[in-house]
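Please open the structure in your viewer and keep the selection tool at hand. The tour below moves from one selection to the next and says what is there each time.

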Amino acid sequence: MISTESVLESGDQPCIRLEPLKNTQLPGKATPTGGSRTAFVDGSPKVTANGVHDIEDRILRITGYYGYNPGYSSHRREDGSESHAETPGSETSSESRSYQTCTNAALKVLGGLLVVLCVSSSWVGTTQVVKLTFQSFSCPFFISWFSSNWNILFFPIYYSGHVATTREKQTPIQKFRECSKLFGEDGMTLKLFVKRTAPFSILWTLTNYLYLLALKKLTATDVSALYCCHKAFVFLLSWIVLKDRFMGVRIVAAIMAITGIVMMAYADGFHGDSFVGVALAVGSASTSALYKVLFKMFLGSANLGEVAHFLSTMGFFNLIFISCVPLILYFTKVEHWGSLSSLPWGYLCGLAGLWLVFNILVHVGVVLTYPILISIGTLLSVPGNAAVDVLKHEVIFSVVRLAATCIICLGFLLLLLPEEWDSVTLRFLATIADKKSEEHGEELTESSVHTRSRSRANGTVSIPLA
């Protein structure tokens, strides 16, 4: 209850003292347990269990204090001010973290774009140098074998970069043994060397050899476009062999790739060099897809050092065991060349170097940036080769070939969609719709307030109709 006290003997002004209610229990109602009550010590109110000052809250509620919410007294407001004082530091730290995250993402994207340009340029350069080499040296298997031998340099290049970028110092033999755990806990043995390396080396050689044979029959643009179909073959093999998730959009992309292949073969009437070239290019894409699926099955968890070790091991296998094949082709006059001094070593070394750079960028770029950017770099080789063919070789593309190339490239882009692309798209569209509705609601509110202010200024009153 509220009561007045007598004037203090010291002459101070009279004051009103607030006392707690003696009994707040309603008749016939039990006292709730765990409720909040105000405790008084020395005549001063104390904070209850839930931090609410009942007396002050009642006064604020009776007087109709503007902006009052039950349970928010002056002490609660002071606490809020103290917590608000601590907010700027936390906001600064969160802003710095978000800024650092955005900076890292931006640098990763910029680095990825640079890698994309390098991947596309190296692949276009490789394809065009092959066409130039064929003008003076038409031995595709020898070129493939010679270029594959350069994979031996993969691990030395990786070790040089590892020593330059890390403080950990290991000898090349120690690092080689560490990366050889890819073959098992006991390291690399002769049996594992042949068992693990032989299938991949054969697929690697077949992919390159069929690609070079296709370049003898078709233009660089057609071969690079048909080679992009390997992405669809990887999806189909992964779905069948690795039991990957089924995605309808990727099935559509695979159908588009097959459609583009048929249209490319139909461009010259299913006969002649064009049909053979299409078959060779599709064979190269198929062996490349099989290589990638088997690599993912057996060596999918390999890091960059282990991949470099494996590629160098394939280079050694190619040099030791596949060297007999060029000799057989030479003596059987299938691929005959003159003396070693007459070989176009400039073109051969340039071609092998570009092929090595392309493989390094593909494997290193996946670690340094987003894998999708590497795939886009491979796709951009199609318009790059088309530009070179048109400007330098004056190639005229038929409408059917252009349509087939566009269909294959579109299917390639569909294969790059992530697995959760549908849910992400729906959430994005829902967010845009919510923002538009909020903006529309704010515009309506502002227009209604403006209308009311104008009506009040003009002395008019709007009466709602019944």
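Helices (H or I, at least four residues) and strands (E, at least two) are DSSP runs, numbered from the N terminus. With that in mind, select Lys 333, which lies in the loop between helix 12 (324-331) and helix 13. Lys 333 has a positive phi of about 65 degrees although it is not a glycine. At 60% relative accessibility, Lys 333 is exposed, where exposed stands for over 50% relative accessible area, buried for under 20% and partly exposed for what is in between (1.4 Å probe, protein chains only).

Before going on, note that this is a predicted model, in which local features need pLDDT of at least 70 and side-chain atom pairs count only at pLDDT 80 or more, while totals for chains, interfaces and linings use all residues. Residues are numbered from 1 along each chain as its sequence is written, and side-chain values use heavy atoms, with hydrogens and water left out.

Next, select Glu 394, which is found in the loop between helix 15 (381-391) and helix 16. Glu 394 is not a glycine, yet it has a positive phi of about 55 degrees, and its relative accessibility of 67% makes it exposed.

Now show the whole protein, which has 17 helices and four strands. Of its 466 residues, 35% are buried. If contact means heavy atoms within 4.5 Å, then residues 24 or more positions apart account for 75% of the contacts with a separation of 6 or more.

The next stop is the aromatic rings. A pair of aromatic rings is described by the distance of the centres and the angle of the planes. Rings of Phe, Tyr and Trp (its six-membered ring) pair if their centres lie within 6.5 Å, and planes under 30 degrees apart count as stacked, over 60 as edge-to-face and the rest as tilted. A search of the whole structure finds 27 such pairs. Select Phe 137 and Phe 142, whose ring centres are 5.7 Å apart and whose planes stand at 75 degrees, so the pair is edge-to-face. Phe 137 is buried at a relative accessible area of 5%, and Phe 142 is buried at 7%. Then select Phe 235 and Trp 239, a stacked pair with 6.4 Å from centre to centre and 5 degrees between the planes. Phe 235 and Trp 239 are four residues apart in helix 8, so about one helical turn separates them. Phe 235 is buried at 7% relative accessibility, whereas Trp 239 is partly exposed at 34%.

To see a cluster linked by ring pairs, select Phe 137, Phe 142, Trp 145, Phe 146, Trp 150, Tyr 330, Phe 331, Trp 337 and Trp 345. After that, select Lys 216 and Phe 134: Lys 216 lies over the face of Phe 134, at 5.9 Å from the ring centre. A charge sits over a ring if NZ of Lys or CZ of Arg is within 6 Å of the ring centre and within 35 degrees of the ring normal.

The last stop is the largest pocket, which holds about 1,600 Å³ of space. Of the 47 residues that line this pocket, the closest to its centre are Lys 231, Val 234, Lys 292, Val 366 and Ser 375. On a 1 Å grid over the protein atoms alone, a pocket is an open set of points where a 1.4 Å probe fits, with protein on both sides within 12 Å along at least five of seven lines, and lining residues have an atom within 4 Å of a point. Grid points are joined across faces, edges and corners, and the volume is the space filled by probe spheres set on the points. Finally, select helix 10, which gives nine residues, the largest share of the lining of the largest pocket.
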